[in-house]
Amino acid sequence: MYTLIGSPMTRASRVVWCLEELGLEYKIIPAMPGSDEAKQYNPSGKVPALLVGDDVIIDSIAICQYLADKHGGLTYPAGTIERAKMDSFVHFAADEVDHACWVWSKHDWIYTEPLKAENVKPACALEFKKAMQHLEERLGDNKYAMGDKFTVPDIILGQCAGWAEVMCKFPIPEGKIADYFARVRARPAFKKAMSARK
Ligand SMILES: N[C@@H](CCC(=O)N[C@@H](CS)C(=O)NCC(=O)O)C(=O)O
């Protein structure tokens, strides 16, 4: 039984999705970002965090990759070409896609007014658009990032898609990209992760 720290309204939803994909037992302590409860587990107050015995793992991607490695699903063995290519997708998701959504969010509803900079949000929308063009090239005709196998980057990209569309109002390109996001988000484990938000 794993204990996940973090409201499922946050990046903790990635971990819930991962836990569901792997068929693992878990409970959620729905701590809000920056709360005293979150700081009990991660001094920065950031969520998610995962309790593993006496250890705490922080960062949604590190947690998902740990679970995937430990339970032998959603990934490839370290040191293989497939793993390197999969990790490259994960870094793309974090650097190009999550980053655009995160900076947009800071300049929309997280920062106080004096910290919000003009033109940052349109710049984030542009970065997201460029990322989607790159994603389309990288996906080709693949079903998932790595082909027929659903892996960790599909979770990160799939969660970012909802964030981008619903919160940031970034347009999702029709065709291969919209179809890819619809495909990953149609998975039963994603639907269970979304139901944890209610
Ligand atoms: N790279 C980290 C980012 C964690 C993060 O920033 N989480 C947000 C909620 S989605 C948070 O806790 N924000 C509070 C803060 O930045 O102080 C991850 O993927 O877990």
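The protein chain splits into domain 1 (2-74) and domain 2 (81-187), with bounds taken from an automatic or database domain assignment. Keep in mind that this is a predicted model: local features need pLDDT of at least 70, side-chain atom pairs count only at pLDDT 80 or more, and totals for chains, interfaces and linings use all residues. Residues are numbered from 1 along each chain as its sequence is written.

Let's start where the domains meet. Their C-alpha centres lie 20 Å apart, and nine residues of domain 1 are in contact with eight residues of domain 2 (contact being C-beta atoms, placed from the backbone, within 7 Å). On the domain 1 side, helix 1 (12-21) and helix 3 (60-71) each supply at least two of the touching residues. Helices here are DSSP runs of H or I with at least four residues, and strands are runs of E with at least two, numbered from the N terminus.

Now look at the hairpin. Strand 3 (residues 49-52) and strand 4 (residues 55-58) run antiparallel, joined by four bridges; two strands pair if DSSP finds at least two bridges between them. Leucine 50 has isoleucine 57 in strand 4 as its bridge partner. Two residues sit between the strands, and glycine 53 takes a positive phi near 60° in this hairpin.

Finally, hop over to helix 5 (residues 120-139), where you'll find glutamine 133. Is that residue buried or exposed? Glutamine 133 is exposed, because it has 12 other C-beta atoms within 10 Å; the cut-off for exposed is 12 or fewer, for buried 20 or more, with partly exposed in between, using C-beta atoms placed from the backbone. The C-alpha atom of glutamine 133 is 8.8 Å from that of isoleucine 177, 44 residues apart along the chain.

Note on methods
Contact = placed C-beta atoms within 7 Å.
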